[in-house]
Amino acid sequence: MTRIILTCAAVLLAGCGMMGTAPTEKPVDLSLQTRAISSQALFGAPRAFAPERSNAQIAEDILELGFRLESGREIPQFSRFDGPVTLSLHGPVPPLGVIETDRLITRLQREAGLDIRRVDGQGQIAVEFVPRAALRRAVPNAACFVLPNITSWDEFRANPRAPELDWTRVVRRDRALVIVPADSTVQDMRDCLHEEIAQALGPLNDLFRIGETVWNDDNFQTVLTGFDMLVLRVWNDPALQPGMTRAEVGERLPALLARHNPSGATSRVDLDKIPTPMEWTRAVESALGATSRRASFREAQRALAIALDQRWQDERLAFSLFLSARFAPPEDGAQALDAMILAARIYGTRPGTAVHRAHVHLHLTAQALAGGQHDLVLQLTDSAMTVARRTENGALLASLMLLRAQSLEHLGQRAKAEELRRDSVPFALYGFGSEQAADNRRDEIATLARRN
């Protein structure tokens, strides 16, 4: 129920600087956000990838997403809002907060069939924007979160351990509070709106084994996917009622999915039957949250050892390999490169993981640029940029565009390189939060090229 904070450490792979998609964790000057433009203006009409998993698999996914919390605690009954839902915005709403929220609501109406609208007064779902410093003092490891039965930050702060905030006790959802950072980048703010409002309306768990959803703490998916919209449509179907047991919901899911996703009957994706041990999840979270690269690498190696011992061949093994490569020390560069390539290969066999491969290709592209392999840079960025644009990831897209521009310049195509750098600016502002942060990414990439 919380979108976790990823530590964006600078990591070396085979002697070249590997990048996260966000170059800074500092608070964003909101005056700079006024120079950014909305998702609609940047990316155009939403083009979410359709769900690729089989209906049989999606039924299993819904049950695990809906009847367990991230902590592992069981939820004994099905819960949701019953009837039309209203949503309101509160606090210091950022310049694009209303626009991004309204775009999300339109998508929920069109793609998930939900009866939801924004109101000016007090909505059943209250979205409150809170300064990041205050948010992290209260909940140190969360970038944003959702809670039941309250509608203000002050209510939460007055009694953060109140029993009514326990999702396992909720049967009929009447009120919910979504907390979003007020001083983050536009992309981070948008990402939080998507995941937390979706959880207020649907299932509450996050699963690392499902690549094609925002309900996954690897944070590769940043906006609601076709899988997510299908799950929300099924979750809010009148055939399901608050208070049902897991078994009762499970009995109705095959017919609901057959009606809402007829193409899922012919999908051929193996069921993910192996549960995720908490030890692996804790290792991943420790790797992402550690304050030093050495500690991150140690925890990533622990996660990889568990994944190999479990004999996984899915997103969990790929993510373990990705983290091990990303946090590897310089002397392990060759092994790290092999791990990153294997991660890309595994993601290529899994449903809904095109954006995961794009993130891996970002790192492989940086490696290729540092090695002077400019034709490979152009090849990798060509496909990854298309995916980054379709999944509306401005930070990823800007980074790929700048990497591509550096190789174009080296190949003597200076005019194309400068045009691409100019075109990257609005995506960088959206994803990074300021021109300074965007310039820092450009300088970082130029440094990679000079190492060659």
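## Charges over rings

R390 sits over the face of F49, 3.9 Å from the ring centre. A charge counts as over a ring if NZ of Lys or CZ of Arg is within 6 Å of the ring centre and within 35 degrees of the ring normal. R316 does this too, lying over the face of W312 at 4.1 Å from the ring centre.

## Ground rules

This is a predicted model, where local features need pLDDT of at least 70 and side-chain atom pairs count only at pLDDT 80 or more, while totals for chains, interfaces and linings use all residues. Numbering runs from 1 along each chain as its sequence is written, and side-chain values use heavy atoms, with hydrogens and water left out.

## Ring pairs

Rings of Phe, Tyr and Trp (its six-membered ring) pair if their centres lie within 6.5 Å; planes under 30 degrees apart are stacked, over 60 edge-to-face, and the rest tilted. That rule gives 12 aromatic pairs.

Take F208 and F319: their ring centres are 6.0 Å apart and their planes at 25°, so they're stacked. F208 is in the loop between α7 (186–201) and α8 (226–235) and F319 in helix α12 (residues 315–326), so the pair ties together parts 111 residues apart in sequence. Helices here are DSSP runs (H or I, at least four residues), numbered from the N terminus. Both F208 and F319 are buried, meaning under 20% relative accessible area (1.4 Å probe, protein chains only).

W280 and W312 have ring centres 5.5 Å apart and planes at 90°, so that pair is edge-to-face. W280 and W312 are buried as well.

Notes: Helices (H or I, at least four residues) and strands (E, at least two) are DSSP runs, numbered from the N terminus. Buried means under 20% relative accessible area, exposed over 50%, partly exposed in between (1.4 Å probe, protein chains only).
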